[in-house]
Number of protein chains: 2
Amino acid sequence: MGGGSLNVFSARHLLVASLALNASLLFRVYIGGFSPALDLLSLCSLSVSKGYEAAAPDVDAASPAAVSVLASSSKTAEHRLVDHGRIINLDHGDPTMYEKFWQGTGDRATIVIPGWQSTSYFSDPGNLCWFLEPELGRQIVRLHGIVGNAVTDGRHIVVGTGSTQLFLAVLYALCPQNVTDPVSVVSMAPFYSSYPTTTDCLRSGLYRWAGDAASFDGGDGPFVELVTSPNNPDGFLRDPVVNRSGGVLVHDFAYYWPQYTAMTSPPANHDITLFTVSKSTGHAGIRIGWALVKDADVARKMTKFIELNSIGVSKDSQLRAAKIMKVVSDAEEDGSKQGDPPAVAARSLFEFGFENMEERWRLLREAVKQSSLFSLPDYPAQFCNFNRRSFGNQPAFAWLKCEGEIEDCEGFFREKKILTRSGVHFGDSPKYVRISMLDRDDNYLAFIKRLRSL
Amino acid sequence: MGGGSLNVFSARHLLVASLALNASLLFRVYIGGFSPALDLLSLCSLSVSKGYEAAAPDVDAASPAAVSVLASSSKTAEHRLVDHGRIINLDHGDPTMYEKFWQGTGDRATIVIPGWQSTSYFSDPGNLCWFLEPELGRQIVRLHGIVGNAVTDGRHIVVGTGSTQLFLAVLYALCPQNVTDPVSVVSMAPFYSSYPTTTDCLRSGLYRWAGDAASFDGGDGPFVELVTSPNNPDGFLRDPVVNRSGGVLVHDFAYYWPQYTAMTSPPANHDITLFTVSKSTGHAGIRIGWALVKDADVARKMTKFIELNSIGVSKDSQLRAAKIMKVVSDAEEDGSKQGDPPAVAARSLFEFGFENMEERWRLLREAVKQSSLFSLPDYPAQFCNFNRRSFGNQPAFAWLKCEGEIEDCEGFFREKKILTRSGVHFGDSPKYVRISMLDRDDNYLAFIKRLRSL
């Protein structure tokens, strides 16, 4: 797609704009009025109706109290659709927004696995990462090439059970077994709420969580700095902040995709970069992440960790991830090759993601503007080499601040039966909350509606 | 199948005996003579020919030297079939023997997963283990009920990325975060070679490997005793050996299935029991294990660990495991209900496994008897409630001892280009080696042939 002519983009934009208009109209009809009939109509159009949107526990259990409330909440469709006072859970980053896209791709993304497959632990015995399915490796390289978000030349690919396992594998690989003091692991606040708990849960002698990278004072000891860009929770692009040698950088690029942020040239070219399908294609449940690693020894040790931790990574999910990435890349290449707007059957995932994020952010900013209770970050516009647009970040999470006298923003929303995650879990103030922007339409729209009513 | 009448079993045995006779004839033709034409013929009949049998690195890297040798070994079919002097790798426990069975089940074990599935992290939000696919939970309960190897009533099921991740989850769940000294983890030697490395790889402050349970002297501190039964590597049934209170037992029952050992009544009824599809159905590459856990708090903490470690377990592989277990259980129930021998299309996995293990052990014992170089353990016969036979264990690994002056048994075999795992990795003498009995036919038969020639 990066190589498409302006004409291609004009034609594609026309279609996309028309689709967006339709989506926007539905959004407006729904959140504009309060007629139950209209609500029902628009929700039926938008809902994917899997029946468990509202009843999911917190992924990293930041709000244990919320879990029990959720477990007892009604799951019936009626309850969901009438939507007066039901719990809206936007605490965790479940990317169910993408389900609708994949429902529209027909059989092309379907995978068929016969019973005789996967009796061996091994996928590619000659490869450094012996449990990486070769086809997944190929599709990862291809997708990065098309999107232009990372250099893959001269990199080893290590696959993991989500990028969480890869994060742990990186720590194992970077921290020598014979250290006297654990290596410090830091990230600038606000940082991903799982970093501290995942790092410290086993009280490892190899590494320990040392908090905010901006105020890190670890003497001259070794350290690992996590650079999450765009950042979870606040959505800003980031560079390293610790200003001394002796550290290793790990770039967590889960959200470095063109639906969330502009792809600026050149492609990222770091020593260790982590990616995941959860936030790129939206398949959180298949638990597939990958690392691009420059140093062979680091890649080998990461592989060793995953061997010790789970003897490799599900082959089924690797094959599925490969298939899904292939469908994504095929659509991009077909579009740019033929010069025609992509057929409905070969839509661009990134266009779908971009339009949805743009519209969701527009609705959120509109609702926030209506009241003086909240504020949102502003993101500077940048030109994207991939989609040829100039736009500011439209992150997968909203980092919302409660203004004025509201000190406990999470508590404020909980009273309104909106579950968010407090800033304190991210090393920041309770005046902030993180709100998922990737939930299914009906849940997200119900949130906007309730926000408007505050 | 446990409920089948004697007639049923007589009829089934007739078919099974005839199948076994055919297999046995092929085995004999192959290992009896050295005519290249015959070798080619019988290997072609037996080989599943996936092309990477001989070139797989060691799962827990007990023999790093071996890996580089393997990587450079030829993978061509010709090389494999002529089989003069090629490397035979039986170091790791890759259960590829089962591939042939699953190739015979046709479409019934095939799974189709559309692209829109698995956008959510959650499988069953109301369940303690929120990432367990409900259908997998049902099939686990059903299979244990049919086989009679474990009580599932009053148990929580926790699914893991293989039983390795569950083992780590158990340690996390059993060892309090605030311990001063790490809890001791012990198992009677010879013990599974991964226990020490997996336990100690992060130098956790919660637990540490404390070696052989038989000589454990941990004062009065808390401990976890791993009871692996049948045991890896030596195949014996086991009971706990630490004779004091203050410990928690974890039963690793990866091999407690009727192809390896008799199901004696009553079904196992322990606090924490680990299982895996790798060694039951033979699907090592899908990385699915499960724990049956009596105490809700322990199950909850295990779930928490897997959340911190990998935010759940691949949904695709869970659904596949459920489908595979369903096919296994359906075949057993059809057989016992109809009173007819199972159709070729609905063979019993456990019969297939039993006959193969029986034949492989017969060939191994015959070859060992021919020379005075080696010895093997003897296993007492027990009556099996499941298959109504009386038989001694026929383990997934042979625990072979080099007699006389051979002190380094692994080295002895390595010179003959047979890769095994030394007893030292299992906390035992280098006079022992562990040899996988679950490899594909051609690899196993090549091993027997070479053993005969020593």
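Which residues form a disulfide with B:C402, and how far apart are the sulfur atoms? The partner of B:C402 is B:C409, and the two sulfur atoms lie 2.2 Å apart. This report on a predicted model begins with that bond and then turns to the core, the symmetry and the interface of the chains.

**Disulfides**

In general terms, a disulfide is a covalent bond that links the sulfur atoms of two cysteines. Over all chains, the structure contains 2 disulfides. One of them lies in chain B, between B:C402 and B:C409. In chain A, a disulfide connects A:C402 with A:C409, with an S to S distance of 2.1 Å. The table sets out the two bonds.

| Disulfide | S to S distance | Torsion about the S-S bond |
|---|---|---|
| A:C402 to A:C409 | 2.1 Å | about 65° |
| B:C402 to B:C409 | 2.2 Å | about 60° |

In chain B, B:C402 is buried with a relative accessible area of 0%, and B:C409 is buried with a value of 0%. Two further cysteines of chain B can be described in this way: B:C129 is buried because its relative accessible area is 1%, and B:C384 counts as buried at 0% relative accessibility.

**The nonpolar core**

The largest nonpolar core comprises 234 residues, and among these A:L364 and B:L364 touch the most other members. From chain B, this core draws at least three residues from each of domain 1 (7–47 + 357–370) and domain 2 (134–330). Which residues surround B:L364, apart from its neighbours within four places in sequence? B:L364 is in contact with B:L376, B:A398, B:M437, B:Y444, B:F447, B:I448 and B:L451.

**Symmetry of the two chains**

In general, two copies of a chain are related by a rotation about an axis together with a shift along that axis. Here, a rotation of 180° with 0.0 Å of shift along its axis places chain A on chain B, with an RMSD of 0.0 Å. This is the relation of a two-fold axis. Of the interface residues of chain A, 100% are also interface residues in chain B, and the copies therefore meet through the same surface.

**The interface**

At this interface, 76 residues of chain A are in contact with 77 residues of chain B. The size of an interface is often expressed as the accessible area that is lost when the parts come together. Between them, chain A and chain B bury about 6,400 Å², of which 56% is on carbon and sulfur atoms. Within the area that chain A buries against chain B, A:T119, A:L202 and A:R203 supply 12%, more than any other three residues.

How many salt bridges are found across the interface of chain A and chain B? There are 2 salt bridges across it. A:D316 forms a salt bridge with B:R320, and the closest N and O atoms of this pair are 2.6 Å apart.

Definitions and conventions
Residues are numbered from 1 along each chain as its sequence is written. Chains are lettered from A and ligands numbered from 1 in the order in which they are written. This is a predicted model: local features need pLDDT of at least 70, side-chain atom pairs count only at pLDDT 80 or more; totals for chains, interfaces and linings use all residues. Side-chain values use heavy atoms; hydrogens and water are left out. Copies are superposed by least squares on the C-alpha atoms of residues with pLDDT of at least 70 in both. Contact means heavy atoms within 4.5 Å. A nonpolar core is a set of buried Ala, Val, Leu, Ile, Met, Phe, Trp, Tyr and Cys residues joined through side-chain atoms within 4.5 Å. Buried means under 20% relative accessible area, exposed over 50%, partly exposed in between (1.4 Å probe, protein chains only). Domain bounds come from an automatic or database domain assignment. A disulfide is a pair of cysteine sulfur atoms within 2.5 Å. Buried area is the accessible area (1.4 Å probe) that two parts lose on being put together, summed over both. A salt bridge is a side-chain nitrogen of Lys or Arg within 4 Å of a carboxyl oxygen of Asp or Glu.
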